[in-house]
Amino acid sequence: MQQELTRGAASAAGHPHQPESHPPDAITVAGLRKSYGSVHAVRDVSFSVRHSEIVALLGPNGAGKTTTLEILEGFRARDGGAVEVLGLDPGDRSAVRDLRERTGLVLQDIAVEPYLTVRETLARQAGYYQGPRDVPEVIGLVGLTGLEKRKVRSLSGGQKRRLDLALGLIGDPELLYLDEPTTGFDPAARRGAWDLVRELRATGTTILLTTHDMAEAQALADRVVLLNNGAVVAEGPPERLGGRDNERARISFTLPPGVPVADLPVPADIQNGAVVIESADPTGELQRLTNWAVQRDITLSGLTVDRPSLEDVYLRLTGGGAPSGAAERSLR
Amino acid sequence: MTTATLPGRRAYRRNRLGMVAHQVRYEQLSFWRNPQSAIFTFVFPVLFVVIMGALFGSVGKSSYFGGLSALQYYVPTIAALCVLGSCYGQLAVALAARRQNGVLKRIRATPLPAWTYFIGLLAHCVLVSVADLALIVGVGRLYGVPFPSDWAAITLTLVLAAASFCALGVAVASVISNAEAAPAVAQLVLFPLLFLSGTYMPIHSQLLNQVAGWLPVRPFNEALTGPLVRHTGADWRHLAVLAAWGMIGAVVAVRRFRWDPRPE
């Protein structure tokens, strides 16, 4: 993903598709509802995405992320609530063509035909749009340069995912949906994809992504919308989600052999074999603790001080480590 | 803003016909590169005619074959079989697979109109059918089956049959939700129908022929046999039955076709 991103004259002049006075938000969702039979997939979802913003939809499996995305993409009809995407209603059949011209989509499944080459796959897709990006440019953007003539079937899983990403970009969308975009990427490719997403935002593309990777949400998203049981349970910048910035710090270390917990100079718990001290005053408590240890010539191995991670907040707000979300992450 | 030439953009504005041509071009590329399709389209029909030639090559005109020579009987039925395979069979299997692996959903997410996609598929299937027919007629010539003369009737029959069997293929793909089941279901429907319709051997039961006459395969065999070897023109009665089946397929396809692998 070494190539410089150019959106033609658009980088300076704003997106060419965009009308002069566009609505303030790229996406607004208010009171969205959708049921499948007796299953309430989406009960009450409201959020908005501003232009040129990266928003991550988080939540365990079955939280309603995919259904919400599919309603926004115009694949599914909603039961209730208001939805506006780029000023259009995706539930309105006459708006769908225009919407598809202006939005790009990267789905979870690798959906590419095996017998075409990389370049052919992209040229085919480019032909569906009024104003697509240049094929070689997009190949460069996703880091597939040199593989243009390779058959898709001979690409590695990560390379196929990058081709998928390229297919989402080829129409030069104003709004890009990324459904778990970096699943199957190696760490370097993942960094590269993150850089690309940031560059896209810098040139005016709005991005709504779903992910189970908290590091990805933390690294990419301007804002996170956390869903659970079909409703929004928290929303905000990743570093402040769920009051995370105001929470108590956590001091942890391995309990030295032969020392009972009760002997420690500060109140402590044992969690997963490690001592954990939740503290509103980490500076003072850390000093008491280390003085105590130094006087007794005890080493506090594995000593760390941190605040709750995005993952901790996520697990707390979605029902405390419910195995459904965790299981999927470990599988992928 | 000067919009004369935006670097990084190319004017892809094209008319609808151009869009269909674009679609057909990539369908063809994808198809011919798949060794399986190449084998079934080229090797299978040639092999079939050669086997029939070896078995019955010396059998001249006989009442068993309805007053035709064995090869005159088999050239049209094998051609019909190949058109069935490349329209009905191909589409039923390929569309079910494309839906399952998300290719259809991805196409749905682009501005490509649905009808352009299907017209493109139909045009692709007609092209493959034409290649098949030409090949079989060519090989048949080696076994003494003379070239036909009424190409207009043959073209009409071929296009109508391709359209009808494409519609039926899309209909079957619409009804099957599981891509693994698609080849089995498609074959399960087709195989008894082929026997019943005299594709493999002439049927001399009045009753069976009457029943098969209202099903899609026998009318196609008959409609091809006329202009291909009997030197009669377009067989309107049988073409009407074919067209009716095509309409039924189209109605089912339009009502039941899904792009999304997950049911609503």
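Start with helices α2 and α5 of chain B: α2(B) passes α5(B) in a right-handed crossing. The model is predicted: local features need pLDDT of at least 70, side-chain atom pairs count only at pLDDT 80 or more, and totals for chains, interfaces and linings use all residues. Residues are numbered from 1 along each chain as its sequence is written, while chains are lettered from A and ligands numbered from 1 in the order in which they are written.

Select residues 35-56 of chain B for α2 and 114-142 for α5. Helices (H or I, at least four residues) and strands (E, at least two) are DSSP runs, numbered from the N terminus. The two axes lie 10 Å apart, at an angle of about 30 degrees. Axes are lines fitted to C-alpha atoms, for helices over the stretch in contact, and angles run from 0 to 180 degrees between N-to-C directions. α2(B) and α5(B) are therefore roughly parallel. Angles under 35 degrees count as roughly parallel, over 145 as roughly antiparallel, 65 to 115 as roughly perpendicular and the rest as oblique.

Now show the contact residues. On α2(B), pick B:Thr41, B:Phe42, B:Pro45, B:Val46 and B:Val49; their partners on α5(B) include B:Val128, B:Asp132 and B:Ile136. Contact means C-beta atoms, placed from the backbone, within 7 Å. By class, the contact of α2(B) with α5(B) has nine nonpolar, two polar and one charged residues. Ala, Val, Leu, Ile, Met, Phe, Trp, Tyr, Cys and Pro count as nonpolar, Asp, Glu, Lys and Arg as charged, and the others, Gly among them, as polar.

Next, select α3 (residues 70-100) and α7 (residues 182-196) of chain B. Their axes are 9 Å apart, at about 155 degrees, so α3(B) and α7(B) run roughly antiparallel. This crossing of α3(B) and α7(B) is right-handed. Residues of α3(B) such as B:Leu81, B:Gly89 and B:Ala97 belong to a set that meets α7(B) residues including B:Pro183 and B:Leu194. The contact of α3(B) with α7(B) has eleven nonpolar, one polar and no charged residues.

Move to B:Leu160, in helix α6 (residues 151-175) of chain B. B:Leu160 counts as partly exposed because 18 C-beta neighbours lie inside 10 Å. Buried takes 20 or more other C-beta atoms within 10 Å, exposed 12 or fewer, partly exposed in between; C-beta atoms are placed from the backbone. Beyond neighbours within four places in sequence, B:Leu160 contacts B:Leu239, B:Leu242 and B:Ala243.

Finish on chain A, with eleven helices and 13 strands. Buried residues make up 43% of its 332 residues.

Conventions. Two residues are in contact if their C-beta atoms, placed from the backbone, lie within 7 Å. A crossing is left-handed if the near helix is turned anticlockwise from the far one by less than a right angle, and right-handed if clockwise.
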